[in-house]
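Here's a quick tour to read with the model open beside you. Take it topic by topic and click along as you go.

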Amino acid sequence: MNYNKKTIMDVDVVGKKILLRCDFNVPQDKATGAITSDKRIVAALPTIRYLLERGAAVIACSHLGKPKGQWKESLTLAPVAERLSRLLGQEVIFAKDIVGEDAKSKAAALQGGQIMLLENLRFDPREEKNDPSFAKELASMAELYVSDAFGTVHRAHASTAGVAAFLPAVSGLLVARELEVMGGALDNPKRPFVAVLGGAKVSDKINVINNLLDKADTVIIGGGMAYTFAKAQGGSIGKSLCEDDKLDYARQMITKAQEKGVKLLLPTDTVAATEFAADAESLVVPTDAIPDDMEGLDIGPETVQLFCDAVRGAGTVVWNGPMGVFEFEKFAAGTRAMAQALADSGAVTIVGGGDSAAAVEQMGFADRITHISTGGGASLEFLEGKELPGVACLLDK
Ligand SMILES: Nc1ncnc2c1ncn2[C@@H]1O[C@H](COP(=O)(O)OP(=O)(O)O)[C@@H](O)[C@H]1O
Ligand SMILES: O=C(OP(=O)(O)O)[C@H](O)COP(=O)(O)O
């Protein structure tokens, strides 16, 4: 794939009206909605400052969560506008809509050196469908498109790819840096090369395993991803997360790993809970014998040992997806042990993803990780060697 793309430093931004795609999909407290890590907002600041200092008028936009094309008050970007304003030390004008009256009039009135933020792009069903009519409306507000949403460059959506058909398109400083750092670490990785997968976006990320088995020496699967594999092997997984239409695929991956001599490590024990709650009753059970009325919320102690041993001997480790529901202290032990193992490993370590990065930061290991990427799925697809639509659409150098 060609990563030699123009950045904001290669084009004239002075006095320009700029549509800036950011990834402000920040982790939020499950109960209160409060932003629990502003890493993705902080990561966007260098590009925003670069543009504002040069007198550009910045129309920032992002998605938040998965509202599936519906207006959902709990997923408004208003708290992000507030936090961004505090971090920047200047007003962030907030539009109550995306490409409606409010956004368009505020964008038209926006002066050089000012910044505004549109409402959640995914409130409009056309965003995820990459509908050209939506891309065109977004583009109509600006003269230049800047992609700085690294966490979302693996999505071919209207604001991440479609819009480049209507405006000259370049990358921001964050996307440029992520591609450079990850490219450097992963081009010819120090071996053994270990990939660690977990988290909750199972349907999405399970598909990367096929290509990862061609690149990695060891693939470790924990978190919500593991139970599809346990069920595929005939285990009972109770109410745990599972993608039933991926059971065949999971079996194929187990066979492929055996044929290729890649170690595929799966949890042998699980911390199962009676409900998805911070104070739920829990017990450690074999991963293939979870009681019907319980769900797996963390890897068990035996698995922690197994996984951490594999990480300790690694040359390069890429990790995306927490090992358990770390937001609840009772189910954070697996994720904490994994973070500690990466920090202690002496390997080149890359942690990607909004929640994984938040976990590593909250647990105090961030300064002992080689690179914390703002993208989880994006870093995995980069690692797979897949074309990233949000990068492919940018102007070549
Ligand atoms: N066993 C599990 N069951 C349900 N959710 C889980 C489990 N393990 C981890 N999670 C959840 O996965 C979420 C993160 O998943 P994901 O979005 O894929 O990761 P990232 O944001 O790092 O890319 C966390 O909020 C965590 O609570
Ligand atoms: O949080 C994100 O990805 P990640 O969970 O893989 O890090 C990005 O904002 C992409 O979000 P999406 O997976 O809802 O398209």
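**The loop between β2 and α2**

K68 sits in the loop between β2 and α2. Keep in mind that this is a predicted model.

- K68 isn't a glycine, yet its phi is positive, at about 55°.
- Is K68 buried or exposed? K68 has 10 C-beta neighbours inside 10 Å, and 12 or fewer counts as exposed, so that's the label K68 gets.
- L64 belongs to the loop between β2 (57–61) and α2 (78–88). L64 has 22 other C-beta atoms within 10 Å, and because the cut-off for buried is 20 or more, L64 is buried.
- Leaving out residues up to four places away in sequence, L64 touches F24, N25, L75, L77, V80 and N120.
- G65 is also placed in the loop between β2 and α2. With 13 C-beta neighbours inside 10 Å, G65 comes out as partly exposed.
- With the sequence neighbours up to four places away set aside, G65 touches N25 and L75.

**What the record says**

- An unreviewed UniProt entry carries a "binding site" annotation that takes in D23, F24, N25, R40, H63, L64, G65, K66, R122 and R155.
- Two of the annotated residues, F24 and N25, are among the contacts of L64.

**Backbone spots worth a click**

- N130 is another non-glycine residue with a positive phi, about 55°. Look for N130 in the loop between β4 (115–117) and α4 (132–139).
- R191 and P192 are joined by a cis peptide bond, with omega at about 0°. P192 is in the loop between α5 (173–186) and β7 (193–197).
- G364 comes after α12 and has a positive phi, near 85°.

**Helix α12**

- How many of the 9 residues of α12 (residues 354–362) are buried? The count is 7, so the helix is largely enclosed by the rest of the structure.
- The buried residues of α12 are G354, D355, S356, A357, A358, A359 and V360.
- The cover over those buried residues includes α1 (39–53), β15 (316–320), α11 (333–344), β16 (348–352) and β17 (371–373).

**Where α7 meets α13**

- Helix α7 (residues 208–215) packs against helix α13 (residues 377–384) at an angle of about 45°, and their axes are 9 Å apart. That angle is why α7 counts as oblique to α13.
- The crossing of α7 past α13 is left-handed.
- On the α7 side, the contact is made by V208, N211, L212 and K215, while α13 brings L380, E381, L383 and E384.
- Sort the residues of this contact by type and you get 4 nonpolar, 1 polar and 3 charged.

**S236 in strand β9**

- S236 is in strand β9 (residues 236–237).
- Not counting residues up to four places away in sequence, S236 touches D288, A289 and I290.
- How far from S236 is L395, 159 residues apart along the chain? Their C-alpha atoms are separated by 50 Å.

Methods: Residues are numbered from 1 along each chain as its sequence is written. Chains are lettered from A and ligands numbered from 1 in the order in which they are written. This is a predicted model: local features need pLDDT of at least 70, side-chain atom pairs count only at pLDDT 80 or more; totals for chains, interfaces and linings use all residues. Axes are lines fitted to C-alpha atoms, for helices over the stretch in contact, and angles run from 0 to 180 degrees between N-to-C directions. Helices (H or I, at least four residues) and strands (E, at least two) are DSSP runs, numbered from the N terminus. Angles under 35 degrees count as roughly parallel, over 145 as roughly antiparallel, 65 to 115 as roughly perpendicular and the rest as oblique. A crossing is left-handed if the near helix is turned anticlockwise from the far one by less than a right angle, and right-handed if clockwise. Two residues are in contact if their C-beta atoms, placed from the backbone, lie within 7 Å. Ala, Val, Leu, Ile, Met, Phe, Trp, Tyr, Cys and Pro count as nonpolar, Asp, Glu, Lys and Arg as charged, and the others, Gly among them, as polar. UniProt positions are given in the numbering used here, feature names are shortened, and annotations may be inferred rather than shown by experiment.
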